Amino acid sequence: MLRAMPEPPTNAPMARSALTVADERSSERAAGPRPAERGGASTRDPATPMDEKVLLERVAAGDQRAFQLLVERYQHRVFAFCARMVGDRAEAEDLAQDVFLTLYRNAGEFRGESAFSTWLFRIAKNQTLNRIKYLERRGRAAGRVPPELAEDRLARLTDEDALDADERLAQSQRAEAVQAAISELAEDHRAVVVLRDMEDMSYEEISDITGLPLGTVKSRIHRARSALAKRLARIFQ
Amino acid sequence: MTALDALTPLFSAHARAERLMDARLDADRGEGPLSPEDEAWLESHLASCPRCRGAFEDRSRLVQGLLREPPLMAPEGFADRVLARAQQEVTQRPAVALHEEPRHWGQWLMAGAAVAATVLFVALAGPGRGPTGAVEVGGAGGGAPVVREAADFEVRAPSVGAAEVRARVVRIADAHSGTVTAHDRVLVVRIPRAELVGVLQDLSRGGELAVTRKSTLAPEQETVVLEVALE
């Protein structure tokens, strides 16, 4: 059955008491390295899931503003996950855009049985693994981190800190080494260790996202850490 | 006692220590503490085993190092680009005459009961081609269809009934702003290239359809044509 997309409401004021638009914007500006520091994106924030369910219901009804809030809230985390997985900034942006568009198209299918972030990262994980297979078939396997990633980080550090040139160079080189080591992992190992040790998600959340039993998640993280520890022992001395 | 018997407890101890290392490192990150027995055993083992102590230290530095890695941030303007694509989907979505669908489905369902879907070919058409005339499809009288362009993707559905395949393909095409034209034994589905990844993902979702890539996409190609061949 063909399904017509509802027209976006032209006059759909959002309930500020539920969505706190101003807070969203200010938290976005303060987006930081970990979920808990990225405004409302933490899955462990008890106030977040309800708000996000409301937002998704509005997205399903065609509310572009609600979609905008969700994108702004999660853009950095989704992009970072995609970039870690594919190791290519342009590919990661394209992929992250697709993730949010999938969310947009399927907002009505969210049943609230898991946290919104879990649902979103499940989409991201599935699309990322598909993209990696697609790229591999084209002979473009994920590999070294592209220079842009390190340059982007370098520019940010320049803004944020008064680090001297040697320190910035060391950080950039370390970032490249970390990404290269991550890219050498098998995709399924890469996904779980990125979610755990870079996105700081719990084992239970990762189990929900990957659909793997908890024991399998733990064993994959164990093996991924073992491999990374060998490759990065010199880097993290 | 053989040498292997003598070494087995040692290997088991190392293996147990390795298992407990992660639990110990994760204990401070909301995963719950080790049991007092495990904690005491691990501490004792690490004190007496340089190899495991070194491995634990490497692992600990790794986890802390990864957590301290500066975050990757979405590029500037990312959210605006996503919103623009979403808005484009809304405005470009073809108007669908919903009331006409049951008639098509009825026809398909009646004809489809004895039909087995075999192969879906996904071919790419160049820019500016007409909606249905771009790919010449033969085989209407039976047998394999003739696709006069090299297929870029092949999607196999060996055990799915034709009606189900049709319903699924139409749903997916619609969800990606596509159009569907029914020929004798072929459905021609046209989809914007930007939707290709989403379409392939939707097709492969559930596992019953397997997607195989046949060739590399040319940069100028803008439209994807799916050919659904039935026999």
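Student: In which helix of chain A is Tyr203(A) found?

Tutor: The model is predicted, so local features need pLDDT of at least 70 and side-chain atom pairs pLDDT 80 or more, whereas totals for chains, interfaces and linings use all residues. Residues are numbered from 1 along each chain as its sequence is written, chains are lettered from A in the order in which they are written, and side-chain values use heavy atoms, without hydrogens and water. Helices are DSSP runs (H or I) of at least four residues, numbered from the N terminus. Tyr203(A) lies in the element spanning residues 203–210, helix H10.

Student: Is Tyr203(A) buried or exposed?

Tutor: Buried means under 20% relative accessible area, exposed over 50%, and partly exposed in between, with a 1.4 Å probe and protein chains only. Tyr203(A) has a relative accessibility of 4%, and therefore counts as buried.

Student: Which side chain does Tyr203(A) join in a polar contact of 2.2 Å?

Tutor: A polar contact is a pair of N or O atoms within 3.5 Å; within protein, one must be able to donate a hydrogen and the other to accept it, and residues adjacent in sequence count only if both atoms are side-chain atoms. At 2.2 Å, the partner of the Tyr203(A) side chain is that of Asp26(B).

Student: How many disulfides does the structure hold over all chains?

Tutor: A disulfide requires two cysteine sulfur atoms within 2.5 Å. The sulfur of Cys52(B) has its closest cysteine sulfur in Cys49(B), at 3.6 Å, which is too far for a bond. Over all chains, the number of disulfides is 0.

How values were computed
Helices (H or I, at least four residues) and strands (E, at least two) are DSSP runs, numbered from the N terminus.
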